[in-house]
Amino acid sequence: MDIRCRKTTCKYNDRFTCKAKNIQVTNNVICQTFEKDENKKDVQDITKHLFEEKPEFAPQRDSKTIEIKCKANCLFNHNGACVSNGITLNSIKEKPYCVSFLKD
């Protein structure tokens, strides 16, 4: 499963890949699992410029090793579980926003 996260200060972020065992997305489409790691530097997000500079991503994770719960009114929300083949969390605001969200 492709779980990309641009919130580089999160303790679960490993080279733009989420390493949390479970992810909870709120009804406001915010990743509730986010935990800021004060020891991590906020590295420049080069994933926005994929075609200009290749970012170093950590390996993708098997979908059996992660559970994504979702409360949002989203096309990929099936009885509280995300059925998307991947999600991307952005770093635009204080909390990471799920940009894979498609309103149902």
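## Arg4 and strand 1

Arg4 is found in strand 1, which spans residues 2-5. In this predicted model, Arg4 has a relative accessible area of 14% and therefore counts as buried, the cut-off being under 20%.

Leaving aside neighbours within four places in sequence, Arg4 is in contact with Phe16, Thr17, Phe57, Ala58, Gln60, Ile87, Thr88 and Leu89.

## Thr17 and strand 3

Among the contacts of Arg4 is Thr17, a residue of strand 3 (residues 17-18). Thr17 is likewise classed as buried, because its relative accessible area is 1%.

With neighbours within four places in sequence again left aside, Thr17 is in contact with Ile3, Arg4, Tyr12, Ala58, Pro59 and Arg61. The side chain of Thr17 reaches the backbone oxygen of Ala58 at 3.1 Å. Between Thr17 and Gln60 the C-alpha to C-alpha distance is 7.1 Å, although 43 residues separate the two in sequence.

## The chain as a whole

The protein chain has 9 strands and 0 helices, giving the pattern β-β-β-β-β-β-β-β-β when read along the sequence. Of the contacts in the chain with a separation of 6 or more, 69% are between residues 24 or more positions apart.

The chain comprises 104 residues, and buried residues make up 38% of them. Its accessible surface comes to about 6,900 Å²; carbon and sulfur atoms account for 47% of that surface.

How values were computed:
Residues numbered from 1 in each chain as written. Predicted model: local features only at pLDDT ≥ 70, side-chain atom pairs only at ≥ 80, totals over all residues. Heavy atoms only, no water. Helix = DSSP H or I, 4+ residues; strand = E, 2+ residues; numbered from the N terminus. Buried < 20%, exposed > 50% of the residue type's maximum accessible area, 1.4 Å probe, protein only. Contact = heavy atoms within 4.5 Å. Polar contact = N/O pair within 3.5 Å; in protein donor to acceptor, adjacent residues only side chain to side chain. Areas by Shrake-Rupley, 256 points an atom, 1.4 Å probe, with all protein chains shown as cover.
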